[in-house]
Amino acid sequence: MKQLLTGKQMKQADTWSIKEFGMESLILMERAALCAAQHIMSVQKPGCVFIMCGMGNNGADGLAMARILSQNGWSVRIAAIGQIEKATKEWLYQKSLLDKMEILPVQYFYESDDKDEEEYRSALSNLYVPAQVYVDALFGVGLSRKVSGVYRAAIEEWNEHKKKCGAYGVAVDICSGLDAKSGQVLGAYVKADVQITFGYGKVGQFLYPGASLSDQTITCDIGMPNEAVYHVDGFPFNCLEKSDAKDWLGSRCLWGNKGTFGRVVIIAGSSGMAGAAYLSALAAYRTGAGLVDIVTPKCNRLVLQQLLPEAVLHCISEISEISKDEDEEQLAYLRNEVLPKAKAIVIGPGLSTDTLAKKLLDMVLEWNRSQNCPIVIDADALNLLAMRTNIDHAEYLGENVILTPHPGELGRLMNSSAKEAAKNLLYFAEELQKKFGCICVCKDARTVILTQKNRYLNLTGNSGMATGGSGDVLTGVIASLAAQGLSAERAAVLGVWLHGAAGDEAAKEKSPYSMIARDLADGLSKVLIQISRKKV
Ligand SMILES: NC(=O)C1=CN([C@@H]2O[C@H](COP(=O)(O)OP(=O)(O)OC[C@H]3O[C@@H](n4cnc5c(N)ncnc54)[C@H](OP(=O)(O)O)[C@@H]3O)[C@@H](O)[C@H]2O)[C@@H](O)CC1
Ligand SMILES: [K+]
């Protein structure tokens, strides 16, 4: 399992390593600089390197790299941007070593009151020499506010000159301007070929738009003690990898029957929305559930019977078509005959928010109070949940309930907008988890999964999955895994991973442009072949 930290957590891990564990700061720095310099030397023959440094320890890393590269035959040019009064003690130490080498002039560029950004840029332009490698050591995890003035000009010049001379761009630790927690860019930002990041990857490097700032992020071990990660506020973000997916999926019992592999009940679809029920049920079957029941309005009977004859259909009447008694009767049938057989329930895809849908959600939530059955709440059921303003929202849904909102639904659940939710996905996810106390799968280009105790970030998937029905498929995958016996937490995390990996398979075949939700079901089969164990 790969672990990621926010910038604040990284600084806490650094501080603990230095102050409590007793690891010298300069030892960590030397390893960091050596690692970044070695990467450069492994991809390029000695030539000219241009290094843009700030006054913090990220800049100090840049100075240490200058020393190492120079000793290895590189011609080095350094531009130090900022005020020397702000230089850290490590920075001054690295500079003192460069002074002893007498071959590495550091050109300083200060902030002054009488220049505007254009003037900064034209003045800076003379410092940025043509080079085969451009290094960005302006800001690391210490970036604390929006980039402006001389710093913004320095970053823009760096990007422009790098492009002009076709240089290989290396960002030290993190692209300057990128927020290490949110993945948002603060004003201006460096676009590099690679980020050489130290100790742990930073969450912001994997969330969008941050994840698009470099082609590659390489994590270097700089000798930080392993325990450091346990001395940070909150929890690190875990990222499931293929080997973990394989472990979590386990083996399929060779002598099982359809009862062994769980029964999923999917409450989905409304007039014109049979497809949502179909995709959820198809995905549940394709992920290995033994039996899938679909509860849906009568109007969907024919189409679902034709599309997925393997499913068991329970067709219900719209409230307007039946009497009050008949309505009670059909709900009692679902409560007494259908739900008790479920090993996992999905409610919401294409359900609508009408009175019947509301009654169905109430029934499932009531069921949840007395039963220990994993429930995936998605789409319209989330919208209905958001509308329940007259109840105490701190109502505890329990650790077996999985909410799967996209940014629009997340915004509604938190009385905000889709735009705000997408921009502050981590914050919104944390607040949602606190509000409902359940497992929150906040879907976006990078999906965040939060439980009471753990935080996960999913790294599979691609832009082709931003297509109608993709979320319906996810509900079926998660419920299927839960029905087969995985804990709700593992079902959610592995389900999101599988769904993304299936999307990656679909994109290979169809391209992200033309893949559609149904292709994810084919992708699921391919991924499951790769991660299934051959033997029990
Ligand atoms: N032992 C260790 O700790 C190790 C640390 N390591 C390295 O250290 C890095 C962290 O170093 P760091 O904490 O010194 O922060 P860093 O990223 O250099 O930035 C701080 C400077 O930027 C400035 N500044 C910030 N925002 C600004 C803005 N918008 N606009 C303008 N200025 C702004 C800020 O100024 P101030 O806010 O004080 O005005 C300050 O001068 C880390 O990423 C890794 O590379 C590795 O060597 C491994 C060992
Ligand atoms: K940097």
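In what order do the 7 strands of the open sheet lie? The model shown here is predicted: local features need pLDDT of at least 70, side-chain atom pairs count only at pLDDT 80 or more, and totals for chains, interfaces and linings use all residues. Residues are numbered from 1 along each chain as its sequence is written, while chains are lettered from A and ligands numbered from 1 in the order in which they are written.

Display the strands, which are DSSP runs (E, at least two residues) numbered from the N terminus. The order is β4-β3-β2-β5-β6-β7-β9, with parallel pairing. Select 106–109 and 214–220: these are the edge strands β4 and β9, each pairing on one side only. Two strands count as paired if DSSP finds at least two bridges between them. Neighbouring strands of this sheet are turned by 20° against each other on average, direction ignored; the axes behind this angle are lines fitted to C-alpha atoms, and angles run from 0 to 180 degrees between N-to-C directions.

Next, select residues 48–53 (β2) and 75–81 (β3), which run parallel and are joined by 6 bridges. Here C48 stands opposite S75.

**Second stop: strand β17**

Select residues 439–442. I439 and V441 on one side of β17, and C440 and C442 on the other, are all buried (20 or more other C-beta atoms, placed from the backbone, lie within 10 Å of the residue's own). In a regular strand the side chains alternate between the two faces of the sheet.

Finally, select residues 448–450, strand β18, which pairs with β17 in the antiparallel sense over 3 bridges. The bridge partner of V441 in β18 is I449, and 5 residues lie between the two strands of this hairpin.

Notes:
Helix = DSSP H or I, 4+ residues; strand = E, 2+ residues; numbered from the N terminus. Buried ≥ 20, exposed ≤ 12 C-beta atoms within 10 Å, placed from the backbone.
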